[in-house]
2 protein chains.
Amino acid sequence: MAATPPRHLSPRKRPRQARSAATLEVIFEATVQVLLAEGIHRLTTTRVAERAGVSVGTMYQYFPHKQALLYALNERYLDVLAVRIEKACEGEHGAPLARMIEALVSAYWDAKTERSDVTRALYRSAVELDNATLIEAFAARMDRATSAMLATAPDAAFDDLTLVNTTLLAVIFGTVRNVFERGLPEPLESGLRRQLVTMCLEYLKAVRRPVA
Amino acid sequence: MAATPPRHLSPRKRPRQARSAATLEVIFEATVQVLLAEGIHRLTTTRVAERAGVSVGTMYQYFPHKQALLYALNERYLDVLAVRIEKACEGEHGAPLARMIEALVSAYWDAKTERSDVTRALYRSAVELDNATLIEAFAARMDRATSAMLATAPDAAFDDLTLVNTTLLAVIFGTVRNVFERGLPEPLESGLRRQLVTMCLEYLKAVRRPVA
DNA sequence: ACCTGAACACCGTTCAAGT
DNA sequence: ACCTGAACACCGTTCAAGT
């Protein structure tokens, strides 16, 4: 993640040695396990430490408090997600609009679907903390990836690319989240996915400046 | 709210007497105040009780646990929101599509904007609890209100009204939430609102069955 | 230098004792 | 019948004592 997180949420020390990096990894894994097995309200520092096989004191060497642990976990998850979407966007540079939108929606939708248990758990863990910085950094990365892609579309150009791009991202990310939070029954869910693609394309057709 | 909440989340007793109803109201008000003044992580039963001028024991007569209090608070908020949107929809029965969409987006957007501090605080409070039931009940009410409205549009009819309607709601609600969570700078925010309306209308134009 | 875990302050929840 | 608040179990966090 590009933006530096608020100081009070960053890890206490960077893992300089292999052992430290390993410990950090173990703590993260333990956190996800406890999150999935017991839920957010039973995620305690004691339980995570126990599962990770370290003492609470050790955990507090890596994270100044529980929120910092959850913050770092979300940071990692968003980084993986961002990389996936950036790659999907780069893969469609120069492609027609329809393929771009299909690729973007697919990449995001599929990422959420594949590990919907983790996704949902992280959504829940994220709200307890001040994640505005995290969300903003993620949004900025996505903005860059998709506007770079849209600028290469052979079949359209836009007067206000920033506005169009921000709209697309807000609509796609917002809709996907809404669908997964509701947990729609299956025929509806995949129907909605196609409608979302249609909607974005109709919008782009309406606001584009026709290319000679 | 129509659906009965999970038993473990419902208030312990219904307020049968005027005094009880007043106490309940005082507790709710105190909760919102603490939420806004101190934040979700400092919202403790002791603090709420103190602010409300009752003892913790009394609070536990009305709510079996803290989650039930937050659940009830969200329930009330969603009810107010639902009533507003239902009225907005009823007011546009028989109107052209463009007016319907404008009214729907306005009603939801404005409700979120007016008290964005409370909205945001409640978003945060909601995630700690099992609010699936609440969300589903709200979504069902909205489904009814907007599909009833859309069915009366003089300038369009739809082959699959359920799919179209579910799509519209997911897109509008999801997008608005996304915009408010990001906190976009002002020219972008109101620009995005107009784009959202455009987008919905272009979508509806594309999927409608032309009326004779 | 790094790890440990008892100790502390505070939280959610209960229930014996009051009125 | 209803309210109170000390008491209990548990949580986040610290830091003296260990290695």
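At what angle do helix 7 and helix 8 of chain A pack? They pack at about 120 degrees, with axes 10 Å apart. This is a predicted model. The points below start at the DNA strands, then turn to the record for chain A and to its helix pairs.

**DNA strand D: who is around it**

- There are 14 residues around DNA strand D. A:Thr45, A:Arg47, A:Tyr60, B:Thr58 and B:Gln61 come nearest.
- By class, this surface has 4 nonpolar, 8 polar and 2 charged residues.
- Consider the atoms of DNA strand D within 4 Å of the protein. Of these, 78% belong to sugar or phosphate, and the rest belong to bases.

- Which elements give two or more residues to the surface near DNA strand D? They are helix 2 (45-52) and helix 3 (56-62) of chain A, together with helix 3 (56-62) of chain B.
- Helix 3 of chain B gives the largest share, 4 residues.

**DNA strand C: who is around it**

- DNA strand C is surrounded by 14 residues. The closest are A:Thr58, A:Gln61, B:Arg47, B:Tyr60 and B:Lys66.
- The surface near DNA strand C divides into 4 nonpolar, 8 polar and 2 charged residues.
- Sugar or phosphate accounts for 78% of the atoms of DNA strand C within 4 Å of the protein, and bases account for the rest.

- An N or O atom in the side chain of A:Ser55 is 3.1 Å from a phosphate oxygen of DNA strand C.
- For A:Gln61, the distance from a side-chain N or O atom to a phosphate oxygen of DNA strand C is 2.2 Å.
- Two or more residues each come from helix 3 of chain A, and from helix 2 (45-52) and helix 3 of chain B.
- Which helix gives the largest share of the surface near DNA strand C? Helix 3 of chain A does, with 4 residues.

**What the record lists for chain A**

- An unreviewed UniProt entry lists residues 21-81 of chain A as "domain: HTH tetR-type".
- In the model, residues 21-81 are 80% helix and 0% strand. The end C-alpha atoms of this span are 22 Å apart.
- UniProt, again in an unreviewed entry, lists residues 44-63 of chain A as "DNA-binding region".
- Residues 44-63 are 75% helix and 0% strand. Their end C-alpha atoms lie 14 Å apart.

**How helices pack in chain A**

- Helix 7 covers residues 132-150, and helix 8 covers residues 161-182.
- Angles over 145 degrees count as roughly antiparallel, and 65 to 115 as roughly perpendicular. The angle for helix 7 and helix 8 is about 120 degrees, so the two helices of chain A are oblique to each other.
- Helix 7 passes helix 8 in a right-handed crossing.
- Helix 4 (residues 66-90) and helix 5 (residues 97-114) of chain A cross at roughly 150 degrees. Their axes come within 9 Å.
- That angle is over the cut-off of 145 degrees, so helix 4 and helix 5 of chain A are roughly antiparallel.
- Helix 4 of chain A passes helix 5 in a right-handed crossing.

Conventions: Residues are numbered from 1 along each chain as its sequence is written. Chains are lettered from A and ligands numbered from 1 in the order in which they are written. This is a predicted model: local features need pLDDT of at least 70, side-chain atom pairs count only at pLDDT 80 or more; totals for chains, interfaces and linings use all residues. Side-chain values use heavy atoms; hydrogens and water are left out. A residue is near a molecule or strand if one of its heavy atoms lies within 4 Å of it. Ala, Val, Leu, Ile, Met, Phe, Trp, Tyr, Cys and Pro count as nonpolar, Asp, Glu, Lys and Arg as charged, and the others, Gly among them, as polar. UniProt positions are given in the numbering used here, feature names are shortened, and annotations may be inferred rather than shown by experiment. Axes are lines fitted to C-alpha atoms, for helices over the stretch in contact, and angles run from 0 to 180 degrees between N-to-C directions. Angles under 35 degrees count as roughly parallel, over 145 as roughly antiparallel, 65 to 115 as roughly perpendicular and the rest as oblique. A crossing is left-handed if the near helix is turned anticlockwise from the far one by less than a right angle, and right-handed if clockwise. A polar contact is a pair of N or O atoms within 3.5 Å; within protein, one must be able to donate a hydrogen and the other to accept it, and residues adjacent in sequence count only if both atoms are side-chain atoms.
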